[in-house]
Amino acid sequence: MKGRVTIPTDESFAEGTKKIAALWGADAVRDCDGTKLPANAGEIAGKVYETYFVTRGDVAWAKAHPEELQHFFLMSERKTAQAETLALFPAEGCFSEQVKPDYSADALRYWQVIDRTTGREHTAWQADEVKGCVVIRNAVPWHEYTVSFLAHNVWDSTQMYNYITNGWNTEKHSPYDPRYPLTARHIRDVLEGWLKTHPDVTVVRFTTFLYHFFLVFNEEGKEKIVDWFGYNASVSPRALDDFAKEYGYALTAEDFVDEGYYNSPHRVPRQRFRDYMDFIMRYVADTVKELISLVHAYGKEAMMFLGDSWIGTEPYGKYFADIGLDAVVGSVGGGVTVRMLSDMGGVKYVEGRMLPYFFPDTFFAGNEHNAVAELNKNWMTARRAMMRAPLERIGFGGYLSLAAAFPEFVKRAGEVCEEFRRIYVGVKGKQPFCAVKVAVLNCWGKLRSWQCFMTAHELWYQQAYSYQGILEALSGLPAEVSFIDFDDVKAGALDGFDAVLNAGDAYTAWSGGEMWLDEEVQEKVRAFVARGGGFVGVGEPTACAKQGRFFQLADVLGVDEEKGLSLNTDKYNIAAEEGHFIFEDTPAPDFGEDKKNVYALKGAKVLKIAFSDRFTRSVNVGEVKAAANNYGNGRSFYITGLPYSFANARLLYRALLWVSGKEDFVRKNFSTNVAVDCHYYAASGEYALVNNTFEEQKTTFYGAAGAAREVTLSPMQIMWLRADGSEEACGN
């Protein structure tokens with residue numbers, strides 16, 4: 001098979017690209033940031049992608065119109081006043097080549113000084129552009145102060161990263177803002193001129209559109225603040241003025257600085273910030289729609305890179321489907337990002353950029369083994385999700401000449417491309433078997449589908465991986481997954497699901513924080529479970545202290561968390577039940593970073609509990625790690641953490657089956673080996689058994705009718721079994 005693969009090329013490696021394109025069956029070539037397509041790119045492949053930057057790249061324009069550069073809101077370092085006068089230096093700790101405070105009168109209207117000890121605005125201050133500081137008068141000694149300020153973003157964050165990583169010596173790109181009329185006309189005129197002079201390009205790969213995600217570097221050129229979902233780089237005096245005219249109220253710097261949290265996705269979003277997000281989404285959608293229409297007028301496809309300047313074009317936003325995109329491409333870090341891409345609507349096709357990136361930090365002499373290992377790890381993680389919802393295309397990025405020097409890598413990448421095409425043929429358009437329908441409940445709902453717990457793409461953080469593992473597990477499980485918010489709950493959305501899942505640290509957007517104090521939410525969820533629904537809670541679900549409860553639905557979960565306030569109430573439920581259905585395949589789960597001081601209520605079934613060797617009492621001891629509970633006609637399951645592993649994915653699947661009352665599904669379309677996934681596609685009558693390891697695996701496989709069969713799979717193998725009993729193997 002050939003096709004569905006995109007590879008990078010550049011003008012100095014055209015002949016080498018032809019050879020690798022033939023080996024990998026590639027039907028598309030692309031350039032990368034810092035490279036140029038060869039003149040004969042159309043001879044290499046039928047599809048030719050070229051990177052296009054809407055708001056950066058025209059260095060002359062940026063230099064000629066410095067007043068129209070993009071802004072962001074930043075907060076200075078916190079400083080403690082020791083007298084009634086205090087000098088704050090707004091850009092202290094920031095990279096001077098990126099951050100330039102805007103001292104114009106237009107921008108200064110939106111600067112704010114905050115007394116962080118009281119949380120109140122302090123109005124006695126003056127900005128001194130010459131000294132680069134803000135002088136605060138009438139300060140209260142020993143109070144902390146900050147200044148929240150608008151700054152110009154004078155170096156694009158992505159180009160800066162690539163520049164530093166690859167040792168470039170090119171002109172630096174400053175992003176300009178189409179909110180300003182001159183720039184708005186400029187970006188349209190430049191695009192039309194570019195389209196006229198690039199007849200061989202078939203796909204315009206927008207990288208991306210208008211506003212970069214929030215990424216600021218420190219004085220050493222290292223990341224200081226990173227938020228893949230951040231809107232702080234979409235602000236400007238003009239945008240803020242337009243917002244006030246439309247909404248009837250003015251936003252302040254503090255609405256963006258947010259006490260230094262910068263409205264990260266982990267924060268429960270406030271209505272003012274939601275209003276601003278919607279304001280930006282509509283503006284970006286309208287602007288981008290016009291640009292895409294222009295691309296189509298020249299007979300080309302428009303593709304969006306899911307990253308870089310993607311703010312306002314989130315694929316699960318309510319305006320995304322209207323902008324007219326043909327395709328989306330995104331970096332694949334694992335199953336979660338595969339599903340983030342493959343589950344989206346509003347485009348003709350989606351493409352995943354696989355790892356590793358062909359950069360010199362990986363492709364250097366003597367590192368071929370590690371490069372192959374990174375490719376295998378990335379592919380093995382991603383294909384779990386592709387067995388449920390495949391991408392239409394895959395591809396690679398970087399400098400192909402570097403990868404070409406590694407023959408074993410070239411060979412293995414070709415095998416990956418072929419296996420991907422077989423998966424696509426076997427899976428695309430064929431609804432895989434799903435045993436349960438589960439709703440992931442948090443404050444963001446559909447907007448952050450498959451994006452929960454993320455900060456910087458799919459990078460795992462110590463305080464988030466124990467939750468992000470839930471989504472990684474779900475990405476390849478026989479479950480139909482939806483993402484809902486608390487308004488959806490109140491509108492009756494739970495009625496369409498077998499189970500609801502709520503996970504995260506207390507007071508975060510993922511757990512829900514004060515949303516759980518809404519009595520209607522509590523009523524709806526309790527009634528859903530009591531009628532026979534399931535509830536799965538991880539970490540600190542439903543947590544928000546009130547009325548003597550920390551977990552507001554402790555009665556449903558059967559557990560609560562001791563915060564040191566109710567030690568006077570004895571707790572006797574400390575005996576663990578052995579051999580529960582949920583843990584039959586995974587008797588020793590990994591709880592990740594775990595939670596302390598969770599205790600079981602009377603009547604709940606303790607499944608896992610840890611004891612301190614300092615105490616031998618039979619009351620008020622032990623920390624519950626997992627528990628099950630019956631609530632009316634329904635069931636709940638609680639666990640302290642669930643990082644991704646084969647065993648934990650199986651545990652989650654069995655938990656979803658148990659809370660939904662569907663235990664019999666462990667003998668239907670099922671593999672007894674936790675390292676081997678089983679998928680069934682009724683439309684074709686095919687089963688796919690997937691060995692997710694680099695070792696041989698044996699398993700008992702149960703078909704749709706429950707018949708058992710012993711199967712042995714070689715390392716990384718996918719075995720396709722048909723209804724007539726024949727089989728096909730693919731893999732390494």
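A cavity, on a 1 Å grid over the protein atoms alone, is a set of points where a 1.4 Å probe fits but cannot get out, and its lining residues have an atom within 4 Å of a point. A search of the whole structure finds five cavities of 30 Å³ or more, where grid points are joined across faces, edges and corners and a volume is the space filled by probe spheres set on the points. This is a predicted model, in which local features need pLDDT of at least 70 and side-chain atom pairs count only at pLDDT 80 or more, whereas totals for chains, interfaces and linings use all residues. Residues are numbered from 1 along each chain as its sequence is written, and side-chain values use heavy atoms, with hydrogens and water left out.

- The largest cavity holds about 170 Å³ of space, and of the 18 residues lining it, L477, R650, V676, D677 and C678 are the closest to its centre.
- The lining of the largest cavity is made up of ten nonpolar, five polar and three charged residues, with Ala, Val, Leu, Ile, Met, Phe, Trp, Tyr, Cys and Pro counted as nonpolar, Asp, Glu, Lys and Arg as charged, and the others, Gly among them, as polar.
- The second largest cavity holds about 70 Å³, and of its 13 lining residues R56, D156, T207, T208 and S309 are the closest to its centre.
- Four nonpolar, six polar and three charged residues form the lining of the second largest cavity.

- Leaving aside neighbours within four places in sequence, M386 is in contact (heavy atoms within 4.5 Å) with V338, M354, W379, L391, I394, F420, I423 and V427.

Notes: 1 Å grid on protein atoms, 1.4 Å probe; cavity = no way out; pocket = protein on both sides within 12 Å on 5 of 7 lines; lining within 4 Å.
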